[in-house]
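Take a walk through this model, from its overall make-up down to single side chains. Keep the sequence at hand as you go.

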Amino acid sequence: MFLGLVLGFVGAGGSGFIIAVLVTIFNVPIHVALGTAVTVMFFSVLVGSLTHLREGSVNLRLGILIGIIGGGGSYLGSQIAIFIHPNVLLVSTVTILIISGVLLWVQTRFMYKTEEIVVKPFSIHCVAIGLGNGVIAGTFGIGAAPFIQLSLMRWLDFPMRIAAGTTMLVILPISMFASVGYIQNGNLDFLLFLKVVSGIMVGTYIGAKLTKRLPSIFLRYVMVITPVASAILLVINFL
């Protein structure tokens with residue numbers, strides 16, 4: 001539940017952290033961990049995105065459009081993942097999580113004070129955000145939330161709170177299509193999925209409500225720490 005609380009607050013699907021826990025603590029094979037994590041992620045972001053929508057932290061139109069494009073990219077990525085050696089996949093996931101944390105730290109350094117909502121039209125940037133992050137999410141089993149948040153803030157001028165909420169909506173179709181791909185390839189532990197998803201969904205609902213209620217500077221730190229902590233757990237397992 002605590003993990004869901006954190007993920008709902010920062011607008012992340014949480015599969016990176018789930019993968020780290022499954023691989024490091026429970027010794028689940030990396031491909032099965034990826035498939036289980038993205039399936040759990042679908043249900044956690046479903047709850048979180050609905051809550052963010054009610055809280056007014058979502059750009060609904062762009063979130064849906066970017067998410068649909070990302071869904072196609074994530075399915076493609078899930079088919080690519082089966083050809084990648086487990087060790088290579090593990091190292092790549094760690095690298096992506098660390099890079100995303102560093103980039104978020106740099107991008108949000110001076111952004112936490114602004115709350116102005118900027119409405120941007122659909123553009124090639126939206127296609128790039130959806131397709132690029134979809135492929136990353138599907139291939140490495142992560143929601144790519146830090147990259148999506150970074151893209152929304154950098155290219156579409158979203159304030160942090162709206163970026164956090166809209167990211168959950170974008171991840172919804174991405175996780176759905178990625179999970180379909182992993183299930184087709186036999187990389188889902190159904191019993192493990194039920195255990196993980198039951199605890200996370202409640203926490204995600206509560207965490208999403210906190211996004212508007214806690215200081216933006218706190219949101220910034222949690223955004224950055226989440227992917228880095230996931231990477232550290234995976235490094236511990238690799239060593």
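The chain averages a pLDDT of 81. At least 70 is reached by 79% of the residues. Helix α1, residues 2-10, has the lowest mean pLDDT among the elements, at 52. Helix α4, residues 60-81, has the highest, at 95. Where pLDDT is low, the predicted coordinates should not be read in detail.

Now the fold. The secondary structure comes to ten helices and zero strands. Read along the sequence, the pattern is α-α-α-α-α-α-α-α-α-α. The chain has 239 residues, and 55% of them count as buried. Take the contacts with a separation of 6 or more: 88% of them join residues 24 or more positions apart.

Helix α2 spans residues 15-24, and eight of its ten residues are buried. The helix is therefore largely enclosed by the rest of the structure. The buried residues in α2 are S15, G16, I18, I19, A20, L22, V23 and T24.

Turn to the outside. The accessible surface of the chain comes to about 9,900 Å². Carbon and sulfur atoms hold 73% of that surface. A nonpolar patch lies on the surface, formed by I98, V102, W105, V106, Y221 and I225. Together these residues have about 550 Å² of accessible area. Which helices each supply at least two residues of the patch? They are α5, residues 86-107, and α10, residues 216-238. The largest share, four residues, comes from α5. W105 sits in helix α5. This tryptophan has a relative accessible area of 35%. The value lies between the limits of 20% for buried and 50% for exposed, so W105 is partly exposed.

The aromatic rings come next. A search of the whole structure finds three aromatic pairs. In one of them, the rings of F43 and F193 have their centres 5.6 Å apart. Their planes meet at 50 degrees, so the pair is tilted. F43 lies in helix α3, residues 30-54, and F193 in helix α9, residues 190-210. The pair therefore ties together parts that are 150 residues apart in sequence. F43 is partly exposed, with a relative accessible area of 30%. F193 counts as buried, at 7% relative accessibility.

F193 also pairs with F190. This pair is tilted too, with 5.9 Å centre to centre and 35 degrees between the planes. F190 and F193 are three residues apart in helix α9, which means they are separated by about one helical turn. An α-helix has 3.6 residues a turn, so residues three or four places apart point the same way. F190 counts as exposed, at 51% relative accessibility. F42, F43, F190 and F193 form one aromatic cluster.

Start with S175, in helix α8, residues 160-184. Is S175 buried or exposed? At 0% relative accessibility, S175 counts as buried. Leaving aside neighbours within four places in sequence, S175 is in contact with V38, M41, F42 and V45. One of these contacts, F42, also belongs to the aromatic cluster. The C-alpha atoms of S175 and G134 are separated by 8.6 Å, and the two residues are 41 residues apart along the chain.

T51 is found in helix α3. T51 is buried, with a relative accessible area of 0%. T51 and G165 are 114 residues apart in sequence, yet 8.7 Å apart in space, C-alpha to C-alpha.

P227 is found in helix α10. At 4% relative accessibility, P227 counts as buried. Not counting residues up to four places away in sequence, P227 touches L97, S100, G101 and P146.

Technical notes
Residues numbered from 1 in each chain as written. Predicted model: local features only at pLDDT ≥ 70, side-chain atom pairs only at ≥ 80, totals over all residues. Heavy atoms only, no water. pLDDT = per-residue confidence, 0-100. Buried < 20%, exposed > 50% of the residue type's maximum accessible area, 1.4 Å probe, protein only. Contact = heavy atoms within 4.5 Å. Areas by Shrake-Rupley, 256 points an atom, 1.4 Å probe, with all protein chains shown as cover. Patch = residues over 30% accessible without salt bridge, like charges linked within 9 Å, V, L, I, M, F, W, Y side chains within 5 Å. Salt bridge = Lys/Arg side-chain N within 4 Å of Asp/Glu carboxyl O. Phe/Tyr/Trp six-rings, centres within 6.5 Å; stacked < 30°, edge-to-face > 60°.
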